[in-house]
Amino acid sequence: MSSTQYEAGSRETTEGRVFTVTGGDWGEVAEAVAGADDERIIVNMGPQHPSTHGVLRLILEIDGETVTEARCGIGYLHTGIEKNMEFRNWVQGTTFVTRMDYLTPLFNETAYCLAVEKLLGITADIPERASVIRVLMMELNRISSHLVALATGGMEIGSTTLMIYGLRDREVILDIFELVTGLRMNHAYIRPGGLAQDLPPGAVDKIRESVRLLRSRAHEYDKLAADNPVFKARLVDVGFLDLPGCLALGATGPILRSTGLPHDLRKTDPYCGYENYEFDVATADSCDSYGRFVIRLEEMKQSLRIVEQCLDRLKPGPVMVGDKKIAWPAQLAVGPDGMGNSLDHIRKIMGTSMEALIHHFKLVTEGFKVPVGQAYAAVESAKGELGVHVVSDGGTRPYRVHFRDPSFTNLQTVAAMCEGGQVADVIVAVAGIDPVMGGVDR
Amino acid sequence: MSEQDKAENEKPEVPATRREIPVEVVGTRRGMFGAQGTGDTSGFGGLNAPIVLPGPSERPYGGYFDEVADEFEGALEEQGLDVDDVIEKTVVDRGELTFHVAREHLLKAVRILRDDPALRFELCLGVSGVHYPSEAGRELHAVYHLRSITHGRLIRIEVTAPDADPRIPSVVDVYPTNDWHERETYDFFGLVFEGHPALTRIMMPDDWLGHPQRKDYPLGGIPVEYKGAQIPAPDQRRSYT
């Protein structure tokens, strides 16, 4: 590269000389900095960098290879979901929340619906079958989210095989989601009061088969990564954060469990009937990225256990509360273009029952009213405690919805995990946190 | 009229000994169907119903709530604080316990909640802002959820500040996790958390004007054309709230 082109990549600012580097041309920066009086460089990594998990901006102050300060810049994916929900009715809210953390849509939906149901006072009325299917879908979602965490984490340290394995197995779960909800993501399947629709025919057999397939492949991750000395050399003792650090910074999920504390809301504060399932809470005592990796592997195995128990517990019954003032009136069905109104239902209300048509119209355009008050519901998402604070002013729309997204809180630990370490370890530490910017920025 | 009735009628009016229960009215609901701007021809258009938040609860609160309240109040007294000054009211609603804490005592209160061995709320789940524009003098609410892993408990702390003076002490000293949460609430509601190490915007760009999740901040949005028809922005549509 000629010197004139090289000059184009740098400019003088009030903060000193700024280089724009897109990869592969680090040598020039090093050369230019060698002439400077100190080795202190501030590196802006992102917001468009493949290994920062979406649009996360990392601001690193480095001295040689050592990170002396690490800060996160977030907000690049802020879409105003919480504000938008105040202008839609309570049921439409699920369509928004499913898009927050796009790798854990069913956790977002469940947490939101649990909070709305608490406000309505119908928590005890949710049909058993709806709760079982919610658990089933959440556990499948936990597996798919962990698979992405492993896959992207692997890719970032150069293990493309791990990425291929992870995304291949995630596809199995997404196929189930597509069969059940009509979509691979953005499902809006779990609704206040129950579910949008029951499992379609053949779903139970398909899920059983998929569980068998995933279980037969589980050992591949152990073989490929968990006992791999190269993999361990990159992960062990990297991204260290102990128990007091986790509690002070509010870190939950695999990060907290990697300190040895078996805190899991499914056990300590059960919802959706989790107290009826048998599973173990995976922990590690290494407080590092490797511990988090091993926990995710183990949690996927435990989730498969829960999924099988769900299939055994499934009994015929309704999937929506009986109260017709709350239950979504339409009978939905999965068509060739996703989920939509069942044609039989439309024929009935348009052709034979005017009252049903009026009722349908009122509930769909206006929605149901939720008594004044506030509620907090939390679920153990794949990333930690996903909390929802919902306020109602007695109307047909939420007055305020706030999500305590685990990615948002967990991302605060970046500084504690990375400062004093090497630049290359920042990537591993962030991958261990597994932040999803859709959830962080909402 | 008997002698006794006469005596009671002659009794001078005395102020009620029970503390007056403050009713938190956050707005008025007009009409019956929530439609605004369009002619409500139902005949119920003149209906006015106040929107009242759940009021203070009487003991026993039930479950572990009484124990938490006893320990909390006891610990406040030990610190030489007047319980009624610190806790404005205690609300139990929908199986959740809420302490409404006066903002000047927030820091002491959360420190007790975290450190007292019988309370031990070691995990703070962030702060959520709520804006009630029609609640004069208490427009901005900051809502904290605290979880005790030791005891398996969850409580809520609610603090208010007037719009004219939107300051609430920062709890980052006690719960460092609230660093980003307080920045978010500041960004969206304009609540100033005093003592926060670096209270800057976190979601919106640094030079943004206004605080988007306040109720007086419009949603914005543009009309969208769909199959030949103009669909107005969500906040401009006819709606039933």
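Buried, in this talk, means under 20% relative accessible area, exposed means over 50%, and partly exposed lies in between, with a 1.4 Å probe and protein chains only. By that definition, buried residues make up 44% of the 241 residues in chain B.

Colleagues, the model is a predicted one, in which local features need pLDDT of at least 70 and side-chain atom pairs count only at pLDDT 80 or more, while totals for chains, interfaces and linings use all residues. Residues are numbered from 1 along each chain as its sequence is written, chains are lettered from A and ligands numbered from 1 in the order in which they are written, and side-chain values use heavy atoms, with hydrogens and water left out.

I begin with chain B. Its secondary structure comes to five helices and eleven strands; these are DSSP runs, numbered from the N terminus, with helices (H or I) of at least four residues and strands (E) of at least two. Of the contacts in chain B with a separation of 6 or more, 53% are between residues 24 or more positions apart, where contact means heavy atoms within 4.5 Å.

Let me turn to individual residues. B:Arg156 is placed in strand β7, residues 153-161, of chain B. Why is B:Arg156 classed as buried? Its relative accessibility is 3%, and therefore B:Arg156 counts as buried. Leaving aside neighbours within four places in sequence, its contacts include A:Gln374, A:Ala375, A:Tyr376 and A:His389 from chain A, and B:Glu96, B:Phe99 and B:Tyr144 from chain B.

B:Glu77, by contrast, is found in helix α2 of chain B and counts as exposed because its relative accessibility is 52%.

A:Asn141 belongs to helix α6, residues 128-156, and counts as buried because its relative accessibility is 1%. Not counting residues up to four places away in sequence, A:Asn141 touches A:Leu103, A:Thr104, A:Pro105, A:Leu106, A:Phe107 and A:Phe177.

A:Asn186 is found in the loop between α7 (160-181) and β6 (190-191) of chain A.
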